[in-house]
Amino acid sequence: MSRRLIALALAGVLACASAPAAASADDSAAALEVTHYKITSRYSTSSEGHGSSGSSNGRSAYREEVRADVAGCRTRIFDLIDDPERKRPLVEWQMPIVLRECPGATPVLANRDDMLARRDAFLAAIKVTTEACGRYYFTWSVFQIECDPDAAVEGILKSDLSLIPLEDGADYRLPDTGTGVTLVLASDTPPGQRVFTGTAAIDPAYLRDSAADTIMVVAEVSGKTVTREEALAQIASHQFSGKSTITVVEEAAADRITTTITGVVREVDAEGEVATRQGEVVTIRQRVEAASGSDPSQFSDD
């Protein structure tokens with residue numbers, strides 16, 4: 001899960017969240033709290049079956065700035081982390097993302113127009129139109145042309161560690177697994193930590209749908225067309241099973257949350273051949289000192 005973001009019109013966004021007009025500038029400044037986080041993620045996968053094996057790994061990082069106000073609302077800005085060696089690639093058009101969040105209300109994407117402008121610049125650079133959105137291509141790897149700002153927001157929130165309900169017995173849906181777990185607070189942990197764990201079987205129907213998705217993507221990048229019905233028919237006799245586990249470590253004093261999600265999937269085909277896939281994703285959300293993001297106006301064509 002590749003899994004980017006800051007608004008050019010941030011001042012206007014924050015103005016909506018400021019103290020009443022009667023308050024002085026000093027009062028408004030004092031009421032505003034700003035915190036910064038760095039979110040890092042690393043993954044590793046391995047597979048074995050049908051006479052072959054393989055593995056992959058990777059990592060990603062981005063930053064989050066949180067601006068809270070006296071109205072109880074907050075503006076969250078997700079952006080790339082500075083890389084002084086290069087401009088940001090056009091393919092990273094999703095970032096910055098600016099979300100306005102108020103209690104009891106759905107988060108509002110505050111910089112949609114900026115994101116759409118960056119998206120259009122990306123599409124123009126690779127010489128395609130919005131008709132290509134959602135399609136898969138193969139260069140040095142398989143990638144999907146993503147065009148929807150709301151999908152980018154959904155991806156950010158889906159893996160937002162600050163939204164995990166850190167309570168004994170709380171229900172939590174693991175991202176990208178179709179699996180819900182019950183979090184259990186460990187009784188024996190190091191000082192300064194709270195540790196939660198949850199394990200659940202992965203729904204075979206979810207695994208079957210995911211396998212069908214893979215068949216369709218492979219066909220698409222090969223210049224062929226396979227419908228979902230045809231893909232499901234190819235694996236109708238296959239048996240799927242799997243398990244996923246999450247461990248959440250909260251260190252309140254450091255304002256840090258670490259999650260480790262592991263999963264294993266087993267597929268048995270019509271001839272009884274067994275294929276297994278397993279993976280691990282470790283994500284950390286750590287409070288840091290203020291850090292500047294990449295300049296969203298300075299894109300490269302890479």
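**Entry 1. Helices α3 and α4**

At what angle do the axes of helix α3 (residues 112-125) and helix α4 (residues 149-158) cross? I looked this up in a predicted model, in which local features need pLDDT of at least 70 and side-chain atom pairs count only at pLDDT 80 or more, while totals for chains, interfaces and linings use all residues. I note that residues are numbered from 1 along each chain as its sequence is written, and that side-chain values use heavy atoms, with hydrogens and water left out.

The two axes come within 10 Å and cross at roughly 110 degrees. Axes here are lines fitted to C-alpha atoms, for helices over the stretch in contact, and angles run from 0 to 180 degrees between N-to-C directions. Helices (H or I, at least four residues) and strands (E, at least two) are DSSP runs, numbered from the N terminus. I therefore record α3 and α4 as roughly perpendicular to each other, a term for angles of 65 to 115 degrees.

I then listed the residues in contact (heavy atoms within 4.5 Å). Helix α3 contributes Arg-112, Met-115 and Leu-116, and helix α4 contributes Pro-149, Asp-150 and Ala-152. These residues divide into 4 nonpolar, no polar and 2 charged. In this scheme Ala, Val, Leu, Ile, Met, Phe, Trp, Tyr, Cys and Pro count as nonpolar, Asp, Glu, Lys and Arg as charged, and the others, Gly among them, as polar.

**Entry 2. Backbone exceptions**

I searched the backbone with one rule in mind: most residues other than glycine have a negative phi, and most peptide bonds are trans. The peptide bond from Met-95 to Pro-96 is cis, with omega near 5 degrees. I located Pro-96 in the loop between β4 (88-89) and β5 (97-101).

Lys-127 is not a glycine, yet has a positive phi of about 60 degrees. Lys-127 belongs to the loop between α3 and β7 (136-138) and counts as exposed at 74% relative accessibility. The classes are buried under 20% relative accessible area, exposed over 50% and partly exposed in between (1.4 Å probe, protein chains only).

Asp-255, also not a glycine, has a positive phi of about 50 degrees. I found Asp-255 in the loop between β13 (239-251) and β14 (256-268), partly exposed at 25% relative accessibility.

Arg-173 has Gly-180 of β10 as its bridge partner. The hairpin has 4 residues between the strands, and Asp-176 takes a positive phi near 60 degrees. In β10 (residues 179-182), I assigned Thr-179 and Val-181 to the covered face, and Gly-180 and Thr-182 to the uncovered one.

Which side chains make polar contacts with that of Arg-76? I found Glu-64 at 2.8 Å and Asp-160 at 2.7 Å. A polar contact is a pair of N or O atoms within 3.5 Å; within protein, one must be able to donate a hydrogen and the other to accept it, and residues adjacent in sequence count only if both atoms are side-chain atoms. Arg-76 lies in strand β3 (residues 74-79) and is buried, at 0% relative accessibility.

Ser-41 lies in strand β1 (residues 33-49) and is buried, with a relative accessible area of 18%. A polar contact of 3.3 Å joins its side chain to that of Thr-283.

Technical notes: Parallel < 35°, antiparallel > 145°, perpendicular 65-115°, else oblique. Pairing = 2+ DSSP bridges.
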